[in-house]
Number of protein chains: 2
Amino acid sequence: MKGHTIVFQNKPRIVATGTIAGPKECAGVVGNFVDKALLEDTFGEDTYEKAECKMLTFAVRKAIENGGLTEEDVDLLISGDLLNQIISASFTARDFDFPFLGTYSACSTMTESMALAAMLVDGGYIKRAVAATGSHFSSAERQYRYPLELGNTRPPQSQWTVTAAGATLIADMGGDKSCFQGKKIPAITAATLGRVVDYGITDVNNMGAAMATAAADTILTNLQDMERDARYYDLIVTGDLGALGSRLMKDLLWEKGVDVEPNHVDCGEIIYNVIEDEFQGGSGAGCSAVVFGSYLYEKLKKGEIRRMLFAATGALLSTVSSGQGESIPCISHAVSIEIDI
Amino acid sequence: MKGHTIVFQNKPRIVATGTIAGPKECAGVVGNFVDKALLEDTFGEDTYEKAECKMLTFAVRKAIENGGLTEEDVDLLISGDLLNQIISASFTARDFDFPFLGTYSACSTMTESMALAAMLVDGGYIKRAVAATGSHFSSAERQYRYPLELGNTRPPQSQWTVTAAGATLIADMGGDKSCFQGKKIPAITAATLGRVVDYGITDVNNMGAAMATAAADTILTNLQDMERDARYYDLIVTGDLGALGSRLMKDLLWEKGVDVEPNHVDCGEIIYNVIEDEFQGGSGAGCSAVVFGSYLYEKLKKGEIRRMLFAATGALLSTVSSGQGESIPCISHAVSIEIDI
């Protein structure tokens with residue numbers, strides 16, 4: 001470990017992804033890249049929670065299938081989600097015979113799970129793991145905010161929880177790249193584990209602003225630990241800061257002498273084409289999971305992005321903590337992803 | 001990985017623990033061994049949730065202190081708890097400057113966190129990690145069941161959520177035991193990662209029965225993967241099956257030709273001296289955390305237990321999943337702990 005960053009010697013590879021998204025999401029940038037574009041967000045289920053779980057299960061199964069493998073080849077599922085007691089992940093794990101490690105770091109769950117999977121694969125403890133997460137607008141609204149039937153208005157600083165799930169299959173492929181047959185298979189070269197930061201923001205509708213500090217902290221830590229300039233990465237990807245949060249994050253880094261303006265993109269900011277009710281953009285654990293697993297993974301495989309820092313961001317609040325007057329602690333875990341190495 | 005079991009070459013050590021428990025718990029077996037016995041379960045806070053968080057923070061800080069270290073020496077906190085969005089763990093992490101990985105596997109969170117810490121230490125990624133969890137009767141009751149003020153009667157198959165927290169400091173101490181100065185410092189020699197099992201039990205008051213299958217599955221997997229007889233272990237410890245769940249677990253193993261009756265103990269079954277309202281015994285993530293961190297850790301250090309299989313058990317339900325008619329998926333992660341090696 002250099003500082004808070006772990007460098008992987010054996011370069012665990014992201015062999016495949018599995019993704020699924022709702023109709024609103026598929027009208028945007030991920031629509032052409034997901035494995036399944038849903039026509040209705042209930043996915044044939046009678047509750048939104050069951051739909052969310054079914055989507056996550058689909059993504060896990062699809063990642064395994066897209067990797068040309070079967071369930072028997074997988075050693076471990078690492079997953080979590082936004083529902084209380086991460087029931088989407090737990091009930092997804094029930095459908096598989098391999099072990100399950102439950103994780104939670106809100107909307108940074110994807111990168112926490114990927115970092116853990118990379119460590120366990122790199123360390124030689126397991127051969128292949130699936131790291132996955134998802135979220136659903138309607139289950140999140142009724143758990144965190146209000147019943148949809150109330151028709152509450154949303155403040156302009158709010159974001160829209162993404163209905164989507166994404167899974168990555170992370171495996172040890174050895175040092176010999178001849179088996180790649182010329183394909184570009186992205187490797188996880190490092191992981192920066194985030195610490196919890198809290199700048200005292202209490203507005204639960206403004207999580208992008210709260211998370212901006214965590215994203216800035218982790219990105220800066222990664223660059224310092226790896227002794228890299230921000231230009232090293234073709235793309236620095238944050239999870240769901242939204243438009244306002246992204247601006248704050250860039251300002252915070254600018255104050256530290258780091259300019260990420262030219263190569264930063266936020267999954268929440270780009271996922272929706274038209275900003276209407278979504279205001280600041282998308283959010284939710286599924287947001288960065290689906291944007292990475294579909295649109296960005298495709299760009300990596302094509303060589304259009306060669307080096308990426310993927311820093312998903314999580315707001316570690318609950319309705320109870322906010323109700324008791326607490327501010328919003330935030331976290332961001334990041335993984336460095338590279339091709340041609 | 002042998003089957004679902006990872007064997008550690010570098011023998012990460014449980015250097016120290018930190019524990020705290022409420023007054024009801026301290027009237028029982030852990031009372032003489034915890035670092036702090038609370039006189040009142042609010043711990044000076046104005047809400048039970050804040051008390052739970054303060055207890056967890058205390059346990060983490062105490063484990064570091066008992067290990068003769070300071071915060072700067074610790075690389076990582078791995079923790080989760082039963083509250084929605086694991087706020088006790090997240091808010092605890094806010095008080096420290098080292099990175100945080102959030103975990104969740106209900107009352108198996110202690111062994112999931114210990115297994116992860118052992119892997120990351122054994123793999124050389126970090127030097128020292130704290131794995132911790134806790135629970136609180138009153139915060140659990142109002143989140144999972146009814147407001148305490150209602151004074152609901154409890155069915156005889158129910159358990160009592162333990163008010164306690166426990167933390168373990170897990171570190172790489174190298175192969176040279178001369179620095180131990182004759183002390184017995186327990187090593188984590190293996191970890192068996194659990195899979196989710198679900199035998200269709202839907203009674204949320206009977207989680208011991210639901211979890212019995214998961215415990216049996218993981219214990220059997222550990223014995224098979226390690227090619228060991230149940231007698232290899234001086235003690236096979238489950239988390240919070242309670243009296244009924246323990247009997248079921250032993251029956252399930254007996255059917256598979258494995259007799260754990262002589263060397264099995266369940267933390268939930270032994271934590272309370274007098275069984276009144278607790279019926280089947282204690283439960284909650286803090287139950288196994290505090291029994292292991294105080295009473296059992298002391299026995300390991302004294303050499304009264306030389307080989308232990310610690311299999312905490314978790315019921316992966318939520319009020320929403322139960323409300324939607326789902327059964328209770330369960331999981332058990334186990335760690336083998338040994339001295340004199």
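The model is predicted, so please read the values below as computed from it. Between them, chain A and chain B bury about 4,600 Å², and the rule finds 6 salt bridges across their interface.

**The interface of chains A and B**
- On the chain A side, 54 residues are in contact with 54 residues of chain B.
- Carbon and sulfur atoms account for 62% of the area buried between chain A and chain B.

**Salt bridges**
- Over all chains, the structure holds 38 salt bridges.
- Arg195(B) and Asp97(A) pair through their side chains at 3.3 Å, N to O. This pair crosses between chains: Arg195(B) sits in the loop between β9 (187-192) and α6 of chain B, while Asp97(A) sits in the loop between α3 (87-94) and β5 (100-102) of chain A.
- Another salt bridge joins the side chains of Arg94(B) and Glu326(A), at 3.2 Å, N to O.

**Helices α6 and α7 of chain B**
- The axes of α6(B) (residues 207-225) and α7(B) (residues 242-255) come within 8 Å and cross at roughly 40°. Because of that angle, α6(B) counts as oblique to α7(B).
- By class, the contact of α6(B) with α7(B) has 10 nonpolar, 3 polar and no charged residues.
- Residues of α6(B) in this contact include Gly208(B), Ala212(B), Ala216(B) and Leu220(B); among those they meet in α7(B) are Gly245(B), Leu248(B), Met249(B) and Leu252(B).

Conventions: Residues numbered from 1 in each chain as written. Chains lettered and ligands numbered in written order. Predicted model: local features only at pLDDT ≥ 70, side-chain atom pairs only at ≥ 80, totals over all residues. Heavy atoms only, no water. Axes fitted to C-alpha atoms, helices over the stretch in contact; angles between N-to-C directions. Helix = DSSP H or I, 4+ residues; strand = E, 2+ residues; numbered from the N terminus. Parallel < 35°, antiparallel > 145°, perpendicular 65-115°, else oblique. Contact = heavy atoms within 4.5 Å. Nonpolar A, V, L, I, M, F, W, Y, C, P; charged D, E, K, R; others polar. Buried area = accessible area lost by both parts, 1.4 Å probe. Salt bridge = Lys/Arg side-chain N within 4 Å of Asp/Glu carboxyl O.
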